[in-house]
Amino acid sequence: MALIAALAVAGGAVFVANRDSFAAPAEAAAPTKTRPPTTLESATAALKAQAAALIRNDEKAWLAAVDPGQAKLRARYRTMFRSLRSLGVSAFDYRAFRDPDGADTAKGVDLDATISYCFAGNVCPADVDAKPTIAAKLKLKPVGGQWVIASSAPTKSEDDALPTPWESGDLVFSKGKRVTLVALPSEKKYFKKLLPIAEAAAVVNDRFAGMVGNPQKRYRIYLAGAKQWTQWYGGMDDKWVIGYAIPLNEAGMDVVLNMPELKSDTRLLETTVRHELGHVVTLGAAERTSWTAGDMWLKEGIAEYIGWYPQPATASWRRYSVSKAVHGSKRPKSIAVNALKDNASVEESDAFYGLGHFAADCMAKKYGQQALFTFVRLYLREDKDLDPASREAFGKPFSTVDKTCVAWIRSKA
């Protein structure tokens, strides 16, 4: 579930020595001529100026970099500006390169551009490659002596979680003390119900964020309608998913909720919001930047633990599926069960998430909640292997913890 930067212009460095070491004092230095900027340099300078305008909240200057003769394109960039400003954009930079298959003349230039960005309240990595990015093909042309964007089309691969919600669409916002809700106007009707639920979830997650050393200044939750659910961040088509947290590279995470599936069940909405914010605090901006399918049991188990907290795993509606799994003919022999498959059934999903919840609950009850979250920090955030993380957090090898919790789950489910 991983998510896929500063203006780069080619240049050279010149070393200037003391001329007295090379020529007689009477000699005069030859006059130097300033090289006129290339087409690429002029075009990318316009993009750099646009990015600076966004950061200083200058909408007029931002739009000055967009073709004045294209009303739809300007309207799109206007909504993008306002959305980014409302989201608290704190960094926005272009890295632009000449499109080898495009034009590069005085009448226009085609660029492959990558945009990196950060939002206030998140860590903004100094390394441009650690920031969240989007990619686009841009065509710039000169108008009135200034280079302007004449067309912009997103580029993506199968690995890119694009488009972001702020790239298109007139977003609306509701800001609480700890949470910002974001939606298209069609989902604005859910703000009143969801904001107090999200604020309460933030309080719970703030506690656990401190325990893993990942305090949050603000949480962002996007409310997706049916159409946005299939589009934002690449879209989601797994039938058992009703919400997800998307990594913004090393700059935190965003949460997206499937509101058509959540709107009618308050209890489900509450646990889902706490669960997804649980991913933000346990996985967001981690030193470890990639996870494997083998980590899913703990990633989802700890999020379920947070989602239901302070209620125990035995109170979860997933208990029935867990009971069937641990007392059936194919009962799991380890709490570190295999990851769910993409085509998993609802019952398989229930059993998997429930087993993870029971595993987290067991570790908290047997060894202490702080030890559990130390284990989460070491294994999920700091990339230690299971056994070293277990020995440091619990004082026991993982094989012992595993055996203890398998037996505990069978006795409780």
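**Exercise 1.** Are F358 and W408 buried or exposed?

Solution. This is a predicted model, in which local features need pLDDT of at least 70, side-chain atom pairs count only at pLDDT 80 or more, and totals for chains, interfaces and linings use all residues. Residues are numbered from 1 along each chain as its sequence is written, and side-chain values use heavy atoms, with hydrogens and water left out. Buried means under 20% relative accessible area, exposed over 50%, and partly exposed in between (1.4 Å probe, protein chains only). F358 and W408 are both buried.

**Exercise 2.** State how many aromatic pairs there are, and classify F358 with W408.

Solution. Step 1: rings of Phe, Tyr and Trp (its six-membered ring) pair if their centres lie within 6.5 Å; planes under 30 degrees apart count as stacked, over 60 as edge-to-face and the rest as tilted. Step 2: the count is 23 aromatic pairs. Step 3: for F358 and W408 the centres are 6.3 Å apart and the planes stand at 55°, so this pair is tilted. Step 4: F358 sits in helix α10 (residues 346–367) and W408 in helix α13 (residues 398–412), so the pair ties together parts 50 residues apart in sequence. Helices here are DSSP runs (H or I, at least four residues), numbered from the N terminus.

Note on methods:
Helix = DSSP H or I, 4+ residues; strand = E, 2+ residues; numbered from the N terminus.
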